[in-house]
Amino acid sequence: MDRIEKFEKIIGYTFKDKSLIYQALSHSSYANEKKNPSGSNERLEFLGDSVLSIVVSDYLYKSLNVAEGELTRVRASLVCEKSLHVFAKQIRLGEFLFLGRGEENTGGRERPSILADAFEAVIAAIYLDGGLKPATRHILRFMPEDVQHPVKPAFSDFKTVLQEIVQKNPEEKVEYVLIGEEGPDHNKRFVVEVRLNSQVIGKGKGKSKKEAEQLSAKEALALMGYEAQ
């Protein structure tokens with residue numbers, strides 16, 4: 001309970017039902033070791049994802065006077081795994097997780113996917129314990145002061161980052177299309193377009209198809225407002 005009390009102080013919320021935050025901090029590996037799979041944070045993560053989406057959507061709708069497509073892209077950048085990992089580290093979430101021995105020994109406290117999922121589970125726990133108002137207050141503390149220019153992470157695997165940004169929105173689809181080849185066989189260059197819902201959002205040229213795809217994703221991320229490195 002000391003761990004939970006310390007975490008409550010960090011997030012500025014005291015739970016009436018401590019079992020909710022205990023479950024939110026319990027990874028499936030820990031719950032399985034305790035032979036209580038239903039006690040993991042996976043169901044809370046499912047709910048937290050929806051609460052996060054509606055709160056961020058409402059915030060962006062009221063803050064930005066832009067088209068639906070731009071709202072969708074900004075929201076995706078704020079709720080993707082990379083962003084949630086950053087938010088989780090701001091509240092030192094990894095220190096307070098309950099992990100199984102395997103995850104503990106293999107760096108689970110720093111794993112982005114585990115931290116992002118737990119972050120969503122904590123949101124759900126707050127929502128179930130106190131309602132939408134405290135959950136909203138908790139989420140908005142992580143939103144950038146200037147929503148026109150969200151935090152711009154550094155990255156090098158541009159395809160993965162682009163996929164993470166759009167994967168939260170099932171209706172959106174990213175595809176890479178080879179549109180041409182240039183140069184002689186010994187020095188060929190491949191030209192690839194990346195398309196979002198059939199709309200071209202980036203183009204890249206490289207010595208291999210993979211390099212061209214990465215560069216097209218890099219251009220797409222730049223157009224979305226990210227400083228790709």
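Helix α5 has buried residues whose cover includes α4 (42–63), α6 (81–90) and α10 (158–166), where helices (H or I, at least four residues) and strands (E, at least two) are DSSP runs numbered from the N terminus. The model is predicted, so that local features need pLDDT of at least 70 and side-chain atom pairs count only at pLDDT 80 or more, while totals for chains, interfaces and linings use all residues. Residues are numbered from 1 along each chain as its sequence is written, and side-chain values use heavy atoms, with hydrogens and water left out.

The buried residues of α5 are Leu71, Thr72, Val74, Arg75, Ala76, Ser77, Leu78 and Val79; buried means under 20% relative accessible area, exposed over 50%, and partly exposed in between, with a 1.4 Å probe and protein chains only.

Turning to the chain as a whole, eleven helices and three strands are present, and from the N terminus the order of elements is α-α-α-α-α-α-α-α-α-α-β-β-β-α. The C-alpha trace spans about 70 × 45 × 25 Å along its principal axes, and 45% of the 229 residues are buried.

Within the strands, Gly206 belongs to β3 (residues 199–206) and counts as buried because its relative accessibility is 2%. Apart from neighbours within four places in sequence, Gly206 is in contact (heavy atoms within 4.5 Å) with Lys188, Arg189, Phe190, Glu211 and Ala212.

Glu8 is buried, at a relative accessible area of 6%, whereas Lys18 is partly exposed at 26%. Another bridge pairs Arg101 with Glu33, the closest N and O atoms being 3.6 Å apart; here Arg101 in helix α7 (residues 101–105) and Glu33 in helix α3 (residues 28–33) are 68 residues apart. Arg101 is exposed, with a relative accessible area of 63%, and Glu33 is partly exposed, with 36%.

Note on methods:
Salt bridge = Lys/Arg side-chain N within 4 Å of Asp/Glu carboxyl O.
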